[in-house]
Amino acid sequence: MKILGLHPQESLGSVIAQTYNLPGKTISKGTFVTSDIVDYFKEDDVQNILCAVPDSDDIHEDEAANIISNAIDRSHLYTESASTGRVNFKSRSLCLVRYERELIKEVNLIDESIAFSIVEHNQLLAKNDLIATLKIIPFFTQKRYVDQVISILAKNELFKTHSLNKKEVSLIQTSFEWQKKSMFKATSNVTRNRLEALDCSLNEEKLIRHDFEVLRSEIRSSIESGIDILLISGASAIIDRSDYIPKAILSEGGEIIQYGLAVDPGNLLLVGKIGKTAIIGMPGCARSPKLNGFDWVLQLLMADIPVVKEELAQMGAGGLLMEIASRPLPRALAKNVNKQEKKIMGIILAAGNSTRMGKDNKLLKNIDGSPLIRNIALEITKSDLDSCSIVLGYQSDKVADVIKDLNINLILNPLWKEGQASSLKAALNSLTSSYSDLLIMLGDLPGIKSGHINRIIEEHLSSENRSSKITIPSFKGETGHPVIWGRSFFHDLSYLEGDVGGRVLFDQHPAAINLIEMDDPSVVTDTDTPEDFKSFLANRA
């Protein structure tokens, strides 16, 4: 192909190489020169036009793109005819796309006039999503280049789509007695939503005690039911191959394909098998709806792609899915963050209806002649926090009335019946970018004083990379409140659902935990029931 300036009459059969805005008509770049086009130029007395003139062995961009695209298997995808040298390939259904990077490179190395680009390997695509695009960059390319691409396609499949298939899936969750059942309900909901996004559903789910023999029995029962995939979410993370979950799989005649995954988040995932049933020991991050390694493994199973060690090892390339909160930011980013003003907002969660207290609203019960919630609000306002807010819901007018004279912002949560997570979202929505940290305090901790809060603030401020730390008070090994969250966790907190608090994130970020041992049980003493309240008053006396 040559770019030449030609008289209109000489340009017949070539392509306009630039756009011409003529009176009454625009002739766009890429237009074939026909006799009608020549007449337009003559009418406006244009003596010279810039044209792309093909050589004898050249093929027009659209023809070349169509030839190549027609050589690609379209059984699970569709295209439209080439336009401006481009053909887009789109999915016919929910699928994964797979290919060899070297093959894509080989096509793109044939000549710079041919460009083929595609989404990431193992990318999940919905129906009608763009898979790849082929572009012939100049107006013409040489036929021999097109023939070379066809030769490669004749020997190898450039890329392949794998439709996701419906599977029979069951979920087993193990729990300790002291763990709140709301956490497991949240895990169930997240798992159901994850499967529904893959056009699948959860057939059966069970919540059992974290006991080896009980787990063995439930695994055996699930396998005998003939399911395709068994998901197991442990009460605690799988530590190694000798832990309950892998040990139970082996005891039932199964195998452990791999423990540990080169994808972060998702490192503590386990892949196993008993007979024809695939088993995934879920990492803690699978309790979150955010993308993690569990998603990638689950998608492969749904697409009937063998999950073998080599496949799992390849996931490490591109497997760092997000900035892990417990890992420091790259220095350049960390410096930018450090330049920002750092302020701590204190939030009291006081929207619940305290059903375990009976007919009384525990927040309004008197201690030393003053409502519980007023005492707590007074202490938090006396602390070193930069500002304080309280989230209200149930009997919001009555609660607000007893603190109306205090320097504390009121946040109304109209969705308080949905659980604690809705109050967290209401609090987070009130934050401005000037706040780097959030202290979350429950409204039923009668013994908490400003001194406790200041001790926690001091420890948090002195920790390195505080934006990626969770500072938690404890007493004799039991974690308590209030808790300070660095900004890195605000996104995770905002995605919680149901009657769960930030505590469910602790196991997902063990390296982020900044634990402070306190010498006062007040940080772990709440008043959920009338008995708790009486016990607190008695111990004070």
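Strand 15 is joined to strand 16 (residues 201-209) by eight bridges, and the two run parallel. Strands here are DSSP runs of E with at least two residues, helices are runs of H or I with at least four residues, and both are numbered from the N terminus. Two strands pair if DSSP finds at least two bridges between them. The model is predicted, so that local features need pLDDT of at least 70 and side-chain atom pairs count only at pLDDT 80 or more, while totals for chains, interfaces and linings use all residues. Residues are numbered from 1 along each chain as its sequence is written, and side-chain values use heavy atoms, with hydrogens and water left out.

Strand 15 covers residues 168-175, and seven of its eight residues are buried. A residue is buried under 20% relative accessible area, exposed over 50% and partly exposed in between, with a 1.4 Å probe and protein chains only.

Two cavities of 30 Å³ or more are present in the structure. On a 1 Å grid over the protein atoms alone, a cavity is a set of points where a 1.4 Å probe fits but cannot get out; a pocket is an open set with protein on both sides within 12 Å along at least five of seven lines, and lining residues have an atom within 4 Å of a point. Grid points are joined across faces, edges and corners, and a volume is the space filled by probe spheres set on the points. The largest cavity holds about 120 Å³. Its lining has 15 residues, and Gly234, Ser236, Ala237, Gly284 and Arg287 lie nearest its centre. By class, this lining has seven nonpolar, six polar and two charged residues. Nonpolar covers Ala, Val, Leu, Ile, Met, Phe, Trp, Tyr, Cys and Pro, charged covers Asp, Glu, Lys and Arg, and the others, Gly among them, are polar.

The second largest cavity holds about 30 Å³. Among the residues that line this cavity are His210, Asp243 and Tyr244. Gly234, Ser236 and Ala237 also belong to its lining.

The second largest pocket has a volume of about 700 Å³. It is lined by 25 residues, with Glu120, His121, Asn122, Gln314 and Ala317 nearest its centre. Elements that give two or more residues to this lining include strand 9 (95-98), helix 3 (101-108) and helix 9 (309-314). Helix 8 gives the most, with three residues. The lining of this pocket has eleven nonpolar, seven polar and seven charged residues.

Two further residues were examined. Ser474 lies in strand 27 (residues 470-475) and counts as buried because its relative accessibility is 1%. The side chains of Ser474 and Glu517 are joined by a polar contact of 2.7 Å. Such a contact is a pair of N or O atoms within 3.5 Å; within protein, one must be able to donate a hydrogen and the other to accept it, and residues adjacent in sequence count only if both atoms are side-chain atoms. Phe533 belongs to helix 16 (residues 530-540) and is buried because its relative accessibility is 6%. The C-alpha atoms of Phe533 and Leu6 are separated by 95 Å.
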